[in-house]
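Hi there,

Here is the structure I promised to pass on. Have a look at it first, and then read my notes below.

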Amino acid sequence: MKTVIVALMALILSGCGSIISRAVPGQGHGNQYYPGVQWDVRDGPWRVLTILDLPLSLVVDTMLLPVDAHHGPYE
């Protein structure tokens, strides 16, 4: 049951770091490329869950590289 809950939480949070770092002002920390991955690896109380989100944020950030190159820093 615990495995199912953790897997479900990981799916729900998938790409969360990528979205938060681009949508919420002040969360991108000025990183132009891979802001979701850098948001996921920061220290915090939810670090275990963000580590689960890391591979999915990496995929989303890679797909958004052209947008990041055009947009500029997220601050």
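By class, which residues make up the lining of the largest pocket? There are seven nonpolar, three polar and four charged residues in that lining. Here Ala, Val, Leu, Ile, Met, Phe, Trp, Tyr, Cys and Pro count as nonpolar, Asp, Glu, Lys and Arg as charged, and the others, Gly among them, as polar.

Before going on, a word on the source. This is a predicted model, where local features need pLDDT of at least 70 and side-chain atom pairs count only at pLDDT 80 or more, while totals for chains, interfaces and linings use all residues. Residues are numbered from 1 along each chain as its sequence is written, and side-chain values use heavy atoms, with hydrogens and water left out.

Now the overall picture. The protein has five helices and zero strands; these are DSSP runs, numbered from the N terminus (helices are H or I with at least four residues, strands E with at least two). Of its 75 residues, 27% count as buried, meaning under 20% relative accessible area, with exposed over 50% and partly exposed in between (1.4 Å probe, protein chains only).

Back to the pocket. On a 1 Å grid over the protein atoms alone, a pocket is an open set of points where a 1.4 Å probe fits, with protein on both sides within 12 Å along at least five of seven lines; lining residues have an atom within 4 Å of a point. The largest pocket has a volume of about 150 Å³, that is, the space filled by probe spheres set on the points, which are joined across faces, edges and corners. It is lined by 14 residues, and Trp-39, Arg-42, Trp-46, Leu-49 and Thr-50 lie nearest its centre. Two or more lining residues come from each of α2 (16–23), α3 (35–40) and α4 (47–63), and α4 gives the largest share, four residues.

How do α2 and α4 sit, and at roughly what angle do they cross? Their axes come within 7 Å and cross at roughly 55°; axes are lines fitted to C-alpha atoms, for helices over the stretch in contact, with angles from 0 to 180 degrees between N-to-C directions. The two helices are therefore oblique to each other (under 35 degrees is roughly parallel, over 145 roughly antiparallel, 65 to 115 roughly perpendicular, and the rest oblique). Cys-16, Gly-17, Ser-18 and Arg-22 in α2 meet Asp-53, Ser-57, Val-60 and Asp-61 in α4, where contact means heavy atoms within 4.5 Å.

Lastly, Val-6 sits in helix α1 (residues 2–12) and is partly exposed, with a relative accessible area of 40%.

Cheers
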